[in-house]
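I opened this model to see how its chain is put together. My notes follow, entry by entry.

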Amino acid sequence: MADVEWIQRDDYYWQGPPGWTICRVFVDGMWQYELWFSRGDNGTIYGMRASLPAAQDLYRQKLG
């Protein structure tokens, strides 16, 4: 699978392939990165990781 480009839109949001985003959130006293897939008004969280590279790896695992 080719590397996916994640475009940073601001300090809290990265846009990937159509429908896929990674959001940086502050949970339980630390920063986490949530992997989301959204289509229209519906969104599904696919997981949360401690770093952006780990969230990007999770995306690769979900498609693998």
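**Entry 1: Proline 17**

I started at proline 17, which, leaving aside its neighbours within four places in sequence, is in contact with Val4, Trp6 and Tyr59. Contact here means heavy atoms within 4.5 Å. Proline 17 is found in the loop between β2 (13–15) and β3. I also looked up its distance to phenylalanine 37: the two are 20 residues apart in sequence and 9.6 Å apart in space, C-alpha to C-alpha.

**Entry 2: Ground rules**

I noted that this is a predicted model, in which local features need pLDDT of at least 70, side-chain atom pairs count only at pLDDT 80 or more, and totals for chains, interfaces and linings use all residues. Residues are numbered from 1 along each chain as its sequence is written, and side-chain values use heavy atoms, with hydrogens and water left out.

**Entry 3: The chain as a whole**

Read along the sequence, the pattern is β-β-β-β-β-α. Helices (H or I, at least four residues) and strands (E, at least two) are DSSP runs, numbered from the N terminus.

Next I checked the overall dimensions. The C-alpha trace spans about 35 × 25 × 20 Å along its principal axes. The radius of gyration is 11 Å, which agrees with the value near 11 Å that a compact globule of 64 residues would have. That radius is taken over C-alpha atoms, and the globule rule is 2.2 Å times the number of residues to the power 0.38.

I then looked up burial. Buried residues make up 30% of the 64 residues. Buried means under 20% relative accessible area, exposed over 50%, and partly exposed in between (1.4 Å probe, protein chains only). The chain exposes about 4400 Å², and carbon and sulfur atoms supply 48% of it. Those areas come from the Shrake-Rupley method with a 1.4 Å probe.

I checked the contacts too. Of those with a separation of 6 or more, 13% are between residues 24 or more positions apart.

**Entry 4: The core**

Which residues make up the largest nonpolar core? I found eleven: Trp6, Trp14, Trp20, Ile22, Tyr33, Leu35, Phe37, Leu52, Ala55, Leu58 and Tyr59. A nonpolar core is a set of buried Ala, Val, Leu, Ile, Met, Phe, Trp, Tyr and Cys residues joined through side-chain atoms within 4.5 Å. The elements giving two or more residues to this core are β3 (20–27), β4 (30–39) and α1 (52–63). Helix α1 gives the most, with four residues. As background, nonpolar side chains in soluble globular proteins tend to be buried together.

I followed leucine 35 next. Beyond its neighbours within four places in sequence, leucine 35 is in contact with Trp6, Trp20, Thr21, Ile22, Thr44, Ile45, Tyr46, Gly47, Ala55, Leu58 and Tyr59.

Tryptophan 20 lies in strand β3. I logged tryptophan 20 as buried because its relative accessible area is 10%. Its contacts, leaving aside neighbours within four places in sequence, are Trp6, Trp14, Gln15, Leu35, Trp36, Phe37, Tyr46 and Tyr59. The C-alpha atoms of tryptophan 20 and leucine 52, 32 residues apart along the chain, are separated by 14 Å.

Threonine 21 also lies in strand β3. Is threonine 21 buried or exposed? Threonine 21 is buried, since its relative accessible area is 13%. With neighbours within four places in sequence left aside, threonine 21 is in contact with Trp6, Tyr13, Trp14, Glu34, Leu35 and Trp36.

**Entry 5: Exposed and partly exposed positions**

I found aspartate 28 in the loop between β3 and β4. Aspartate 28 is exposed, with a relative accessible area of 76%. It has a positive phi of about 50° although it is not a glycine. For reference, most residues other than glycine have a negative phi.

Glutamate 5 lies in the segment before β1 (7–10). At 62% relative accessibility, I counted glutamate 5 as exposed. Glutamate 5 touches Gln15 and Gly16, not counting residues up to four places away in sequence. The C-alpha atoms of glutamate 5 and phenylalanine 26, 21 residues apart along the chain, are separated by 24 Å.

Alanine 54 lies in helix α1. Its relative accessibility is 25%, so I put alanine 54 down as partly exposed. The C-alpha atoms of alanine 54 and tyrosine 33, 21 residues apart along the chain, are separated by 8.4 Å.
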